Amino acid sequence: MAETLSLPQAATRRAPWKIFVILFVVLIAVLALLAWAVRTKSAPPLASGVAPDFTLQTFDGQSITLSELRGKPVVINFWASWCIPCRTEAPILERAWKDYREHGVVILGVDYVDTDADAKKFIQEYGMTYPNGPDLGTRISQTYRITGVPETYFITRDGKMLSGIDANGRAYANWIGPISENALRERIEKLLGE
């Protein structure tokens with residue numbers, strides 16, 4: 001004899017199945033989000049293509065938008081006051097700024113995970129006169145997928161990452177770690193030649 005279920009009993013038996021489906025969908029969504037996050041975090045720093053646009057609010061109150069600098073070669077340096085190699089690099093960048101700004105080269109310092117007071121003290125200590133500003137919420141560094149500081153990126157007049165590979169097999173588009181004066185000047189000269 002077939003057993004007939006009343007309406008409340010039938011709904012009770014189907015409820016676990018619906019809960020299982022909902023949990024399964026949520027689990028798939030969480031796994032997809034996790035896979036995306038891992039892929040994004042493990043992606044290498046940018047080395048080709050159009051340079052992502054950003055606006056930097058400098059410590060002295062300027063607002064600089066990368067896309068508004070089209071027509072000028074741009075060097076973007078990610079640094080921090082707590083970064084020991086950045087101390088070696090700061091005078092090199094300042095000399096390059098003084099030597100190349102008359103040629104239209106713009107150097108931008110992007111201060112990474114720092115306090116304004118420490119960053120301003122660092123800027124004063126090293127006599128940095130090129131524009132510098134904080135990376136609020138690490139938005140710029142995330143966009144460029146930096147691996148740490150210092151890192152330097154080279155943007156052509158038409159807003160693209162500098163293309164090519166140097167004699168040591170390093171991409172011209174970026175320099176991970178403290179950049180030497182020779183490597184910096186080689187890349188700036190290449191920027192000016194394009």
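**A walk through the fold, by way of helix α2**

The chain has 5 helices and 7 strands, taken as DSSP runs (helices H or I, at least four residues; strands E, at least two) numbered from the N terminus. Along the sequence they run α-β-β-β-α-β-α-β-α-β-β-α. Keep in mind that this is a predicted model, where local features need pLDDT of at least 70, side-chain atom pairs count only at pLDDT 80 or more, and totals for chains, interfaces and linings use all residues. Residues are numbered from 1 along each chain as its sequence is written, and side-chain values use heavy atoms, with hydrogens and water left out.

Start with α2, residues 84-100. Its 17 residues should span 24 Å at 1.5 Å a residue, and the end C-alpha atoms lie 25 Å apart, which agrees; the expected span is 1.5 Å times one less than the number of residues. There's a kink of about 30 degrees at A90, shortly before P91 (the angle between axes fitted to the seven residues ending there and the seven starting there).

Which elements do the buried residues of α2 pack against? They meet β3, β4, α3, β6 and α5, with contact meaning heavy atoms within 4.5 Å. Buried means under 20% relative accessible area with a 1.4 Å probe, protein chains only, and W97 and Y100 are among those in α2.

Now for the largest nonpolar core, which has 48 residues: buried Ala, Val, Leu, Ile, Met, Phe, Trp, Tyr and Cys joined through side-chain atoms within 4.5 Å. α2 gives the most to this core, with 7 residues. I76 is one of the residues with the most contacts inside it, and I76 touches F54, L108 and Y144, among others.

Definitions and conventions
Buried < 20%, exposed > 50% of the residue type's maximum accessible area, 1.4 Å probe, protein only. Lists of a residue's contacts leave out its neighbours within four places in sequence.
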